[in-house]
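Visitor: Hi! I'm new to reading protein structures. Could you walk me through this one?
Guide: Happy to. Let's have a look together.

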Amino acid sequence: MGVWWSSVHEVLVDRLTLGTDGVRGRVSGRRDQDPDRLASRRSAVRIGLQVAVVSAALVASIILLVVVYVVWQLTPEQQHEYHGPEDVHVYLDTIDLTIAVVGVGGFAVVLAGIATWIIARRAVRPITEASRMQRTFVADASHELRTPLTVLNARVQQLELRMDADDPRHGIVEELQADTRVLIDIVNDLLEVAAGRPGEHPMTPLGPELAGAANDMGVLADARGVRLDVGDSDAVVSLPSTQLRRCIVALVDNAIGHTPTGGTVTVTTERAERWVAIRVRDEGPGITGIAPRRVFDRFAHGNAARAAGSRPTGTTRSGYGIGLALVRDIAVRAGGEVRVEHTGADGTVFLLRLPLAQRTART
């Protein structure tokens with residue numbers, strides 16, 4: 001019953017949303033394709049439908065009570081009941097009464113739905129505007145970063161072409177070029193999200209992304225005197241490579257920042273029937289001063305941003321409390337999860353569960 005109602009509800013929301021959008025489009029000469037406005041209209045229509053359903057249930061209950069009362073009054077006992085001079089006698093036609101109750105009830109349901117839809121649209125308008133401004137800012141910032149990164153990538157390629165094949169710095173230049181490509185992919189990913197394009201679920205091998213993250217974060221781990229031990233995996237996850245790399249890098253960066261000098265950050269994987277679990281373990285003092293579930297809130301911090309005993313090199317990102325929040329957002333959008341599996345004086349373990357790609361899930 002719940003699945004049937006959800007399907008019917010979504011169809012009604014789509015039809016009504018497209019209907020209101022079509023009326024506005026005929027007036028303005030074009031359809032409004034702003035995803036934020038469409039989302040707000042869908043929310044308003046959904047609220048209106050829910051209120052209409054509740055109102056319909058209430059009206060149906062009242063009609064049922066009226067019918068029960070009328071039927072009870074038609075029983076022989078009530079019809080032959082003795083009435084005193086102080087009683088008031090009202091004679092009603094049963095059919096007219098039923099038509100009047102049903103008509104008034106139906107009108108009340110329609111009026112409640114329309115009124116709620118209008119009120120909901122006005123209520124969500126500030127939220128829609130804030131979402132639009134946020135999307136515009138992300139799109140503008142990503143677009144402004146795209147050109148300098150493209151120029152930087154071109155200059156790195158020129159530098160690589162001018163170097164001798166036996167130059168010992170050739171490997172560093174190649175890694176720098178790979179880093180610029182990663183940055184360009186991240187910017188492109190942000191532009192796609194800001195544009196509101198439907199999310200795709202490509203198949204990304206986990207092993208190369210683990211190796212790439214280990215190579216990127218190895219420089220930061222060496223600078224802090226931390227050993228980085230990253231395992232391998234043959235799993236293929238249903239997540240874009242850019243987003244997968246961002247998740248792994250953010251978790252490893254957080255672990256390195258909380259591991260004292262001489263400690264080890266360990267990344268292991270475990271493959272299940274439909275999921276792959278990625279565990280990132282550090283040897284820090286554990287999460288203190290904040291509930292473990294709240295470390296995924298934006299701008300959340302514990303008592304100490306860095307582990308005691310670690311060298312302040314300034315090579316890791318400053319702790320703004322955003323990295324773990326981004327990991328949670330990416331994981332949830334992909335149908336997975338991220339949580340603190342363990343924390344204590346012996347360290348903290350973050351668990352990232354991601355769905356396997358369909359081809360991998362069948363094997």
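Predicted model: local features only at pLDDT ≥ 70, side-chain atom pairs only at ≥ 80, totals over all residues.

Visitor: Where does Glu 209 lie?
Guide: Glu 209 is part of helix H6.

Visitor: And what does Glu 209 touch?
Guide: Leaving out residues up to four places away in sequence, Glu 209 touches Thr 204, Ser 241, Leu 244, Arg 245 and Ile 248.

Visitor: OK, new topic. How many strands form the open sheet, and in what order?
Guide: Five strands form it, in the order S2-S4-S5-S7-S6, with mixed pairing.

Visitor: Which strands stand at the edges?
Guide: Those are S2 (227-230) and S6. Each has a single partner strand, so one side of each is left without a neighbour in the sheet. On average, neighbouring strands here are turned by 15° against each other, if you ignore direction.

Visitor: How do S2 and S4 pair?
Guide: S2 and S4 run in the parallel sense, paired over four bridges. Leu 228 stands opposite Val 265 in S4. Helix H6 packs on this sheet too, touching S2, S4 and S5, and its direction makes about 180° with that of S2.

Visitor: What about the largest nonpolar core? How many residues does it have?
Guide: It has 39 residues, and Leu 352 and Leu 354 have the most contacts inside it. Several elements give two or more residues to this core, including helix H8 (323-333) and strand S7 (347-355).

Visitor: Which element gives the most?
Guide: That's H7, with nine residues.

Visitor: What does Leu 352 touch?
Guide: Not counting residues up to four places away in sequence, its contacts include Cys 247, Leu 251, Val 276, Ile 278 and Val 327.

Visitor: Switching to rings: how many aromatic pairs are there?
Guide: The count comes to one aromatic pair. The rings of Phe 296 and Phe 350 have centres 5.9 Å apart and planes at 90°, so the pair is edge-to-face. Phe 296 is in the loop between S5 and H8 while Phe 350 is in strand S7, so the pair ties together parts that are 54 residues apart in sequence.

Visitor: Are those two buried or exposed?
Guide: Both Phe 296 and Phe 350 are buried.

Visitor: Last one: what sits over the ring of Trp 275?
Guide: The charged end of Arg 353 does, 4.4 Å from the ring's centre.

Definitions and conventions:
Residues numbered from 1 in each chain as written. Heavy atoms only, no water. Core = buried A, V, L, I, M, F, W, Y, C linked by side-chain atoms within 4.5 Å. Buried < 20%, exposed > 50% of the residue type's maximum accessible area, 1.4 Å probe, protein only. Contact = heavy atoms within 4.5 Å. Phe/Tyr/Trp six-rings, centres within 6.5 Å; stacked < 30°, edge-to-face > 60°. Lys NZ or Arg CZ within 6 Å of the ring centre and 35° of its normal. Pairing = 2+ DSSP bridges. Axes fitted to C-alpha atoms, helices over the stretch in contact; angles between N-to-C directions.
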